[in-house]
Amino acid sequence: MLDDFNRERLGIEIDFSLPSERVARTLNRIIEWRGVALRYIQPGKPQQNANVERYNRTVLRQEWLGRYI
């Protein structure tokens with residue numbers, strides 16, 4: 001989950017499968033910690049998710065996964 005205002009990563013969950021209960025628990029923990037208001041992208045508007053896609057492609061892969069490899 002990214003904060004759109006300052007591009008800060010608030011949380012990340014990695015696994016082969018993420019049950020909805022685990023996702024909800026993680027989101028609730030972040031909301032308690034930061035008071036985040038959730039805003040969903042509109043159906044059929046993938047361009048609204050472009051920042052997250054770019055983050056996953058560049059920052060996440062280079063900084064996190066590159067260290068593992």
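Helices (H or I, at least four residues) and strands (E, at least two) are taken here as DSSP runs, numbered from the N terminus. On that basis the chain has 2 helices and 2 strands, and from the N terminus on the elements run β-β-α-α. This is a predicted model, so a few ground rules apply: local features need pLDDT of at least 70, side-chain atom pairs count only at pLDDT 80 or more, and totals for chains, interfaces and linings use all residues. Residues are numbered from 1 along each chain as its sequence is written, and side-chain values use heavy atoms, with hydrogens and water left out.

Now for the chain as a whole. Of its 69 residues, 13% count as buried, where buried means under 20% relative accessible area, exposed means over 50%, and partly exposed is what falls in between (1.4 Å probe, protein chains only). The accessible surface comes to about 6200 Å², with 53% of that belonging to carbon and sulfur atoms; the areas come from the Shrake-Rupley method with a 1.4 Å probe, and for residues only the protein chains shown count as cover. As for contacts (heavy atoms within 4.5 Å), residues 24 or more positions apart account for 46% of those with a separation of 6 or more.

On the charged side chains, the structure holds 3 salt bridges, each being a side-chain nitrogen of Lys or Arg within 4 Å of a carboxyl oxygen of Asp or Glu. Glu 13, Asp 15, Arg 22 and Arg 29 are linked in a network of these bridges. Arg 22 pairs with Asp 15 at 2.7 Å, N to O, and also with Glu 13, where the closest N and O atoms are 2.8 Å apart. Glu 13 is bridged by Arg 29 as well, with 3.5 Å between the closest N and O atoms. Arg 29 lies in helix α1 (residues 20–34) and Glu 13 in the loop between β2 (8–9) and α1, so this pair ties together parts that are 16 residues apart in sequence. Glu 13 is partly exposed at 27% relative accessibility. Asp 15, at 46%, is partly exposed too, and Arg 29 falls in that class with 47%.

Then there are the rings. The charged end of Arg 34 sits over the ring of Trp 33, 5.2 Å from its centre; the criterion is NZ of Lys or CZ of Arg within 6 Å of the ring centre and within 35 degrees of the ring normal.
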